[in-house]
Every structure is written in structure tokens, then in C-alpha cells.
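Grab a pencil and work through these exercises with the model open beside you. Try each task before you read its solution.

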Amino acid sequence: MTSNIDWTQLVTPAMKTQAAAAQALADVVAEAAGRRATADAAIAPLQDAVDIGEATDDEGTLLTAWKKFRVLLNRVPAQAGYPATIDWPVAPA
């Protein structure tokens with residue numbers, strides 16, 4: 001009996017490692033996008049209040065904190081060890 005092997009279905013350890021790395025990066029990118037969406041949602045009404053001259057001092061301070069958070073999120077890929085090790089910035093309270 002002759003066995004036909006479909007070599008196109010062979011998954012090597014290197015392919016598994018590459019797939020795992022790609023998935024890990026995709027997970028980090030998705031996490032960053034979620035955190036950025038949270039920041040964007042917090043910033044929009046605060047920025048509106050500033051733009052129309054209706055922001056309180058606390059709202060102005062909070063707006064600055066959220067903008068700093070968003071900047072730090074954008075710098076995450078520049079961290080040493082990215083994407084395996086990430087020091088996520090802390091969102092304003």
C-alpha cells in the first residue's frame with residue numbers, strides 16, 4: 001500500500017513560531033487600538049468643552065491627562081522589548 005503525503009499541509013516549528021509571533025503582535029495592536037479608542041472617547045467631549053469656552057479647570061486638566069496618555073500609547077511600539085514586553089501607560093482616573 002502506497003501512502004500519499006501532502007507536503008503542502010506540513011507545518012514546521014519555524015512556521016508555528018512565526019504564526020505565534022504574528023498573533024502576539026496582532027493581539028498587542030488590538031489592545032493598543034482599544035485603549036486609544038477609550039482615550040478618543042474621553043477626549044472628544046472634553047475638547048468640545050474647551051473649544052466652546054465651557055470647560056472647567058478640572059475638565060481642562062483631565063483633557064491634558066488624556067492627551068498625554070494617548071501620546072504615550074502611540075509610543076508603545078518604540079519601547080524596548082516590543083511587542084513581547086510592554087509597559088502600558090496608565091489611563092487617567
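Is V29 buried, partly exposed or exposed, judging by its relative accessible area? V29 is partly exposed, with a relative accessible area of 46%; the cut-offs are under 20% for buried, over 50% for exposed and partly exposed in between, using a 1.4 Å probe and protein chains only.

Before going on, a word on the ground rules. This is a predicted model, where local features need pLDDT of at least 70 and side-chain atom pairs count only at pLDDT 80 or more, while totals for chains, interfaces and linings use all residues. Residues are numbered from 1 along each chain as its sequence is written, and side-chain values use heavy atoms, leaving out hydrogens and water.

**Exercise 1. Describe the overall build of the chain.**

Step 1: count the elements. The protein chain has 2 helices and 0 strands; these are DSSP runs numbered from the N terminus, with H or I over at least four residues for helices and E over at least two for strands.

Step 2: check how spread out the chain is. Its radius of gyration is 22 Å, well over the 12 Å that the globule rule gives for 93 residues, so the chain is more spread out than a compact globule. (The radius is taken over C-alpha atoms, and the rule is 2.2 Å times the number of residues to the power 0.38.)

Step 3: look at the spans. Along its principal axes, the C-alpha trace covers about 85 × 25 × 15 Å.

Step 4: ask how much is hidden. Of the 93 residues, 16% count as buried.

**Exercise 2. Find the buried residues of α1 and what covers them.**

Step 1: list them. The buried residues of α1 are V28, A32, A39, A42, I43, L46, Q47 and A49.

Step 2: find the cover. It includes α2, where contact means heavy atoms within 4.5 Å.

Step 3: pick a pair of residues. A49 and G60 are 11 residues apart in sequence, and their C-alpha atoms are 8.6 Å apart in space. G60 lies in helix α2 and counts as partly exposed at 23% relative accessibility.

**Exercise 3. Track down the aromatic pair.**

Step 1: search the whole structure. There is 1 aromatic pair.

Step 2: describe the pair. W66 and F69 sit edge-to-face, 5.5 Å centre to centre with 90 degrees between the planes. (Rings of Phe, Tyr and Trp, using the six-membered ring of Trp, pair if their centres lie within 6.5 Å; planes under 30 degrees apart are stacked, over 60 edge-to-face and the rest tilted.)

Step 3: W66 and F69 are 3 residues apart in helix α2, residues 57–74, so about one helical turn separates them.

Step 4: W66 is buried at 9% relative accessible area, and F69 is buried at 4%.

**Exercise 4. Follow the segment after α2.**

Step 1: start at P83, which lies in that segment. The peptide bond from Y82 to P83 is cis, with omega near 5 degrees. Most peptide bonds are trans.

Step 2: Leaving out residues up to four places away in sequence, I86 touches V28, V76 and Q79.
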